[in-house]
Number of protein chains: 2
Amino acid sequence: MTGKIFVIGLGPGNADQITPQASRAAAEAEFFFGYGPYVDRLDLRPDQTRIASDNREELSRAMAALEKAAEGAKVAVVSGGDPGVFAMAAAVCEAIEAGPKEWRAVDLTIVPGVTAMLAVAARIGAPLGHDFCAISLSDNLKPWDLIEKRLLAAAGAGFVIALYNPISKARPWQLGRAFETLRGILPATTPVIFGHAAGRPDERIEVFPLSKADPEKADMATCVIIGSPETKIIERGERPALVYTPRFSAGSSQ
Amino acid sequence: MTGKIFVIGLGPGNADQITPQASRAAAEAEFFFGYGPYVDRLDLRPDQTRIASDNREELSRAMAALEKAAEGAKVAVVSGGDPGVFAMAAAVCEAIEAGPKEWRAVDLTIVPGVTAMLAVAARIGAPLGHDFCAISLSDNLKPWDLIEKRLLAAAGAGFVIALYNPISKARPWQLGRAFETLRGILPATTPVIFGHAAGRPDERIEVFPLSKADPEKADMATCVIIGSPETKIIERGERPALVYTPRFSAGSSQ
């Protein structure tokens, strides 16, 4: 007998930004696997079981969830944001690839969500309005020199850069190093957005020029967006300034 | 008197993927500006007014919407997907920057949504599970050589690439040229995903190796995702194959 596994994106953390598809999948599931704070966003019923694990145990969590589903259960694996962006969908795929044949027969549904960079961008204007990239700054899973190479390639080609996992206790220096690297090739005035907990009660969205961007402004719940040389700031008097990247680029006919 | 403007992301096109925040904003607005097919996704009430315009009239649409809001009306500007990704949020910011001072005083709320690449990725596995970028292939707003430079920079640095606006009647050759360019530096086996209308009744998600990727498989409603050299395919017998990019990268300690 084969069960079902939903990999659910809960969005930025505001109940108002959870899609009906995600809510319905959560209502159908019996067992909930995930990082504790994400599972706690759901109001589980007494007949639903919470199986929380630590933030860094993604692969073992995916394996436990698949094992349960292969036994016939309806299982949810929950992610903040979108499960496909530096989150559980890839871990579940890795587990399926490495696991027993039965896991390939499990009915898998991935439910997308609003990922952090979109939520942060919406609160400040349209910094991702032109070509952009998303880089995880965690060097647990890839070497630092590769991260640096990607930062330089992206900034050099004019991409706006969204940084996920910018900083943690175990990774204190990486964000500062990333800013240093980028100061070598981007204008000092390039806007850097620190988007903490977008859409949640403790939201804090701050903008600094790259020359003054302080890594201490970021924490694990922050998505950092670094503009391109074309990113602009619109002052609006009493209203907060807008940061946006024009749709057109220098050299276009518009 | 100053009104309100919501820039609303309706997600991929499935009512099930519209956030409650977007639905509430739509319920509050009186005038709806947007590309016709997007506005038509909403069930407007008799007291709500539809002002549809052509796909390519983004700036004039944004100006008309701001003008209406500055008169005191509650206005919605609707986008498919997320309004911050190659959509109306940047056009509204451009209009605010260039427009009369009163437009800066308008109460602006941008409502994020599930953007196309996330919806396509969720239907096939986790191709965006590692660092990735999003590039609009439209050369209406930037020169083609810049697009080519970005494709090479991104693929060369190991990013997965999501292509928006891959093809249209007015831009028939660009996607084929992009594939050719990428064939010069990516393995022939690199998976290319054509994600047409993800989540909608006419959804069609197809995967080909880069060597056989045919631009004719794409249309205006397609988001094309091109893997990195690390993107993998998991065959699952009767179930559709999964495409995913591992969280870890060659050279990491895992």
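## Contact between the two domains of chain A

In this predicted model, two residue pairs are in polar contact across the interface of domain 1 of chain A and domain 2 of chain A, both at pLDDT 80 or more. On the side of domain 1 of chain A that touches domain 2 of chain A, the residues fall into four nonpolar, three polar and two charged.

Domain 1 covers residues 4-114 of chain A, and domain 2 covers residues 117-244. Nine residues from domain 1 of chain A and 12 residues from domain 2 of chain A take part in the contact. Between them, the two domains of chain A bury about 760 Å², and carbon and sulfur atoms account for 64% of that area. The centres of the two domains of chain A, taken over C-alpha atoms, are separated by 28 Å.

## Relation between the two chains

Chain B is superposed on chain A by a rotation of 180° with 0.0 Å of shift along its axis, and the RMSD is 0.0 Å. The two copies are therefore related as by a two-fold rotation axis. Within chain B, C133(B) has the C-alpha nearest the axis, at 1.9 Å from it.

The copies meet through the same surface, because 100% of the interface residues of chain B are also interface residues in chain A.

## Extent of the interface between the chains

The contact between the chains involves 77 residues from chain B and 77 residues from chain A. Together, chain B and chain A bury about 6400 Å² between them, with 58% of it on carbon and sulfur atoms. Three residues, L141(B), R150(B) and R247(B), supply 12% of the area that chain B buries against chain A, more than any other three residues.

## Polar and charged pairs between the chains

Between chain B and chain A, the count of salt bridges is 14. In one salt bridge, the side chain of D16(A) meets that of R24(B), with an N to O distance of 2.8 Å. The count of residue pairs in polar contact between chain B and chain A is 34, with both residues at pLDDT 80 or more.

Helix α4 of chain B, residues 88-98, contributes seven residues to the side of chain B that touches chain A, the largest share. By class, that side of chain B has 41 nonpolar, 19 polar and 17 charged residues.

How values were computed: Residues numbered from 1 in each chain as written. Chains lettered and ligands numbered in written order. Predicted model: local features only at pLDDT ≥ 70, side-chain atom pairs only at ≥ 80, totals over all residues. Heavy atoms only, no water. Domains from an automatic or database assignment. Contact = heavy atoms within 4.5 Å. Buried area = accessible area lost by both parts, 1.4 Å probe. Polar contact = N/O pair within 3.5 Å; in protein donor to acceptor, adjacent residues only side chain to side chain. Nonpolar A, V, L, I, M, F, W, Y, C, P; charged D, E, K, R; others polar. Least-squares fit on C-alpha atoms with pLDDT ≥ 70 in both. Salt bridge = Lys/Arg side-chain N within 4 Å of Asp/Glu carboxyl O. Helix = DSSP H or I, 4+ residues; strand = E, 2+ residues; numbered from the N terminus.
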